[in-house]
Amino acid sequence: MDFHDVSLVALRVFREVAERGTLTAAAAALGYTQSAVSRQIAALERAAHAPLLERRRDGVRLTAAGQIVLRRAAAVLEQIDATARELDGLPAEGGAVRLGWFASAGAVLVPRAIAALRRTHPAITVSTREGSTPALVRALRAGSLDLALLASAPPFRPFDAESPPLALRTLTERTLCLAVPASHPLARGDSVDVADLRGQRWIASPSTGEDKRMGVWPGLDERPEIAHAVRDWLAKLNLVAAGCGLTTVPASLVSAVPPGVRILAVRGGPVEQRRIVLARLPHPLPESAAHLADALHAAALDVATPWPQLVGRTGGG
C-alpha cells in the first residue's frame, strides 16, 4: 500500500488517537471498536513504512514519523472540514475558531472574551471545550483546536517536548489568592501567614493526574485534610461560602467570588505566581483566530485586577 492511497477515515482515526492519547479513548470518541481503530492505525503504518505510535503503559506517544503524518493530516482534514462548512453556507466574511480552556477560565475569562468578540466581529463563530493541559496540548497538535488557554505555575516548564515548540503568549501573570469563609477566624485581616494554614480543612480537586491537590496552598509541610474533592471552581467557592473549608483561587476568578467568601494574601514561603498562557501551533493564525486571541488578551488584563485591590475583598461586595 502506498501512502497516496490512505483514506480520510484512517487519517481521522489517527488524529483522534493522537489527541486522546490512547486507542481505547479514541475508539470511544469515534464510536468504533478498539480493534477497528487498531486496524486503521496498522494500515497507516504500513503505508508510511514506519511505526507512527510508540505504545506505552500510559498510552501512546507519536514517533518522529507520526509527528509528520499528524501535521500533514491535520492540515488536510482542516481543508476538508472547511470545505464542508463553506458548502453548508457559513458566511465567507466570518470564520470558525476552536478554543480550548482550563477549568477556571470558563467562569469569567472565556465568556467575557467571547462577548467582546461578538460585539466587534459578530460573523466569527467560536466553539469551545474545557480540558486538562495534556488533553488541550494534544488537541492543538492534532489540529482539532486553533487556540488553547493554559494555566502555568513555576518553574514554567514547556507544556510538552514535541517539535515544533508551541507558540506561547502570556496573557497575564498574577499571584495566587486564598479564599476563606467570611466567618472564618482567618478572615479578620487582609492576609494570613502560611504557618496559619496548617491544620485547615481544604476544598480541592480530586487527587488524580495533574489536578492533584489543586485548591490546597502549595508547599504545605503536612498532609492536608481534604474535606471536599471537587473539580468545578464555582462549586469550590460556594462550599467555601458555606463554611466547609478553604481553597486557592487564581486572580482571574476573583470577580466571580460569591457572597460569604473573603480573598486574602498569604505571607511567608515562596511567592505563588500563576500565568495564563495562550498556546497555538507555530504558524500564521487565520484572521478570525487572531481576533479571538486579541479579545482573550484584553479580557485577561481586565479580569486580573491588580493585587492590592484584591486583598481583603469579600464576595458580593
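Helix 2 (residues 23–30) and helix 3 (residues 34–48) have axes that come within 8 Å and cross at roughly 110°. Helices here are DSSP runs of H or I with at least four residues, and strands are E runs of at least two, numbered from the N terminus. Axes are lines fitted to C-alpha atoms, for helices over the stretch in contact, and angles run from 0 to 180 degrees between N-to-C directions. Helix 2 and helix 3 are therefore roughly perpendicular (65 to 115 degrees).

This is a predicted model: local features need pLDDT of at least 70, side-chain atom pairs count only at pLDDT 80 or more, and totals for chains, interfaces and linings use all residues. Residues are numbered from 1 along each chain as its sequence is written, and side-chain values use heavy atoms, without hydrogens and water.

Which residues of helix 2 and helix 3 meet? Contact means heavy atoms within 4.5 Å.

| Helix | Residues in contact |
|---|---|
| Helix 2 | Leu 23, Thr 24, Ala 27 |
| Helix 3 | Gln 34, Val 37, Ser 38 |

Four strands form an open sheet in the order 8-12-7-11, with mixed pairing. Strands pair if DSSP finds at least two bridges between them. Strand 8 (191–193) and strand 11 (247–249) are the edge strands, each pairing on one side only. From one strand to the next, the twist averages 45°. Strand 8 pairs with strand 12 (residues 261–267) in the parallel sense, over three bridges. Val 192 has Val 266 in strand 12 as its bridge partner.

Helix 7 (residues 233–241) packs on this sheet and touches strand 7 (177–181), strand 11 and strand 12. The direction of helix 7 makes about 125° with that of strand 11.

Key:
Angles under 35 degrees count as roughly parallel, over 145 as roughly antiparallel, 65 to 115 as roughly perpendicular and the rest as oblique.
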